Amino acid sequence: MEQSKKMVNRFVARRHLLLAVGVGVLSAGCAKNAPQDIFQPEGKNARLIDGIQRELFYISAVVGLIVFAAVGYAVWKFKDRGQEIPEQTHGNPKLEILLTILPAIILAVVAVPSVAAVFELDKKDNDCVINVTGQQWWWEYDYVQGSTCGGVEITKSIVTTSELVIPADTDVLLRITSRDVIHSYWIPRLNGKRDAVPGRLHTLRMQADQPGIYTGQCTEFCGLSHARMRQAAVALTTADFQTWVTNQTADYVAPAAGSLAAVGEGTFQAQCSKCHQINDLFTADGTPVLAAPDLYVVSGAAPNLSKLMTRTAIAGWTFDLISAECRDKLWNAAPEDFGALYLKGVTPECFDEATLRTWLRNSPAMKPMYADPAKLAATGGKTRGMPNLNLTEDQIDELVAYLTERK
Amino acid sequence: MFTTGSKLFFGATALSVAGAIVFAITTGGPTGLMGTIGLLSLASIFGFLGGINYFNSDGNVPAMQQGVQFTASAAQPPVGSSMWPLVSAVGIGGLVVGAVSKPVVFKVSVVVVLVATIEWMVQGWSERASADGGYNAGVRKRIAHPLEFPIVGTLGLGVVVYAFSRIMLTVSKEATPWIFLVIGTIIAVGAFMFTGKRKISRSTLLGVCTIGAVALLGAGVASAVQGQRTIKEHETTVDSALCLEGGIEAEIDDHGSQDVSAKSNVIANIFLESNNDLNARIAGFTDPEDNFSTITVPRSTDVRIRFHNESNSPQRLTARLGTFGEESEVVMCTTAINPGKEAILTLLIPKTNAASSTPMELQVPGVEGQTIAIVVP
């Protein structure tokens, strides 16, 4: 009796535990603050995918319930209670035909909206075309010179990193490729994912209903820091996008003579410009400073830092350049206020200087990269990612002062 | 005294140790270390298995029963002749010949020795598994067939594919679809006829398959001996003098863009119009009126452009990809193509425009004043 009671208690305890796990799993799916939630689409492409998956879910749920109910009924009804084994029969043509035709009809019904959505997503009548190039472990965007993007003329080439800035409510076509291994571009709230494959050009359409920031993540394992290869799409009103383009194409502003930033310009030329480009930068004798990442980096590219302080994060959009408070304010800004806030860039009051300093001090310590000089024989000395430059604290001060003005 | 099973494993242990020593001495370095560790691990496994077998007297006689290991079925001499010692000897001979002649002979011999050893082992074991010959044959099938069938099947399929590919590469390009059609039809009709019969004798089926296999193998060997037909390589670039000065090759290649994969991946289409205007239509902009005089190309990654010759004469597209430092200008081009034809050009530009002392642009030799600027941000 005592033994039986113990067993019952153990069974009840296990059932409670299972119930608690089930509730936990279910409630995890109800997170509100989930910027990469595919069930909260913010553009027509993502909405189309969301519509399809919801339709499919409901149909699958009904089919699943019928199947589970039938199985449950059979298990309960025909449970072994010591009765005689009934007569065994084989083959029931009517039932078999029904069970073949019924799924075929369901699949045919499901196929209609699915195939239509595939063609709809593949439309290519666009108001803007942007090249997207992946490499270990960040994304580069360049805007097609001589084209218009949402009605805004791109008179001069723009190349930027990690934050894809687009006009809101505009059909933008991304032409996606890769410089090294296969990556995958995904902004869940704006569209599905698309692989970035070296030597191939894959297209993906983006459209955001309203201004805001939409985050994403590389979704194809691409090496050591795959988990730290993040990205965002920033949608602005047409007027704000015009302002952004104007700023991005504006001429280089040299730091004031004698300032710490001016010293930093020299430090940048000596330490960083082998890989990183700052447009229209010249040496003291008037020679243009031209980065040659093809000589030092496996992918042949490094982020362009001309307008570093117009972006909110660095290192593959992994580390914020702005404080947590400012980031929350920006991310949660109302659509009508978002543009003005974003276009301010990294303001002195928001600047997370400590992060930039830590990055400059030893970047591989923050984000794992193949950059140890002793282990680069296989790549002919070229790194995957940024190496530790062993900068002195003075050099870091100078560089921070210089880079802070790149806006 | 060693039991039969333990002798095998102890022999394999000794062979693995000897192999490890030879490998360590002849190879050296990290590869040598890894190989030696692998072979020593193998030796320890064989030694362990040998010990187990010895301890259990091969598992088929009580360990404490003295002398029974010499009277048990496992200890009986082989029941029949075996071809595997002969095959092993041929394989070992091949190893020696291959070591001093061609690597392929060596590799094939390694496979022959491995196959012969495994088959020999399985045969030796199965023939003495019990005193019942029928049971022994059954256990051999159970052990060996899961290995033999997939391997023999794969080899057979490989021979068929290889022989067929030799035939198709030897006959003319025009004849290949017809041959494919005829052979396919014969197989389909034959299969249809066979399935229509209620009963078919084993010898008939075997005869038909043998005739088919011999015919295919014979034709394959004959084709391989004759060698494949001349297959033209489609050039997409030629020497820089021809790129800059123009001119037409002795034989125009109008199939330079037949690669479907390449055609589906172009970043821009370049049109030489009938009035000799040069226009770029950028992938993504679908309005036919969207003609560009500039294309933007990401650096350090392969991008493809497709040249359409809509003019009235054979033309080529030349890409001038800049001059960097003391090096000479980088130039590449398509072959000349006839009017109405297309050609693909693949560009890989590692540096920006600013790094070049000469403009990066696309042009058609002989067509003045028409260029498409290449922007590499």
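**Domains, chain contact, sheet and helix pair**

In chain A, the centres of domain 2 and domain 3, taken over C-alpha atoms, are 19 Å apart. Please keep in mind throughout that this is a predicted model. The domain assignment of chain A places domain 2 at 128-244 and domain 3 at 260-404, while domain 1 consists of 36-71 + 90-122.

Let me turn to the contact between domains 2 and 3 of chain A. On the domain 2 side, 30 residues take part, and they meet 26 residues of domain 3 of chain A. Which elements supply at least two residues each to the side of domain 2 that touches domain 3? In chain A they are the strands β2 (138-143), β5 (158-161), β11 (212-217) and β12 (230-236), together with α4 (238-248). The most comes from β12(A), which gives five residues to this side of domain 2 of chain A. By class, the side of domain 2 of chain A that touches domain 3 of chain A holds 11 nonpolar, 12 polar and seven charged residues.

Next, the contact between the chains. Here 29 residues of chain A are in contact with 23 residues of chain B. On the chain A side, β1 (128-135) and β7 (172-178) of chain A are the elements that give two or more residues. The side of chain A that touches chain B comprises 10 nonpolar, 12 polar and seven charged residues.

I now return to β12(A), this time as part of a sheet. Three strands of chain A form an open sheet in the order β6-β12-β11, and the pairing is mixed. Since β6 (163-167) and β11 of chain A are the edge strands, each has a single partner strand, and so one side of each is left without a neighbour in the sheet. On average, neighbouring strands of this sheet are turned by 20° against each other, direction ignored. The pairing of β6(A) with β12(A) is parallel and runs over five bridges. Within the sheet, L164(A) stands opposite A233(A) of β12(A).

Finally, I come to chain B and its helices α3 (residues 84-100) and α4 (residues 103-127). How do the axes of these two helices of chain B cross? They come within 8 Å and cross at roughly 160°. An angle over 145 degrees counts as roughly antiparallel, and therefore α3(B) is roughly antiparallel to α4(B). The crossing of α3(B) and α4(B) is left-handed. Residues in the contact of α3(B) with α4(B) fall into 17 nonpolar, seven polar and one charged.

How values were computed
Residues are numbered from 1 along each chain as its sequence is written. Chains are lettered from A and ligands numbered from 1 in the order in which they are written. This is a predicted model: local features need pLDDT of at least 70, side-chain atom pairs count only at pLDDT 80 or more; totals for chains, interfaces and linings use all residues. Domain bounds come from an automatic or database domain assignment. Two residues are in contact if their C-beta atoms, placed from the backbone, lie within 7 Å. Helices (H or I, at least four residues) and strands (E, at least two) are DSSP runs, numbered from the N terminus. Ala, Val, Leu, Ile, Met, Phe, Trp, Tyr, Cys and Pro count as nonpolar, Asp, Glu, Lys and Arg as charged, and the others, Gly among them, as polar. Two strands pair if DSSP finds at least two bridges between them. Axes are lines fitted to C-alpha atoms, for helices over the stretch in contact, and angles run from 0 to 180 degrees between N-to-C directions. Angles under 35 degrees count as roughly parallel, over 145 as roughly antiparallel, 65 to 115 as roughly perpendicular and the rest as oblique. A crossing is left-handed if the near helix is turned anticlockwise from the far one by less than a right angle, and right-handed if clockwise.
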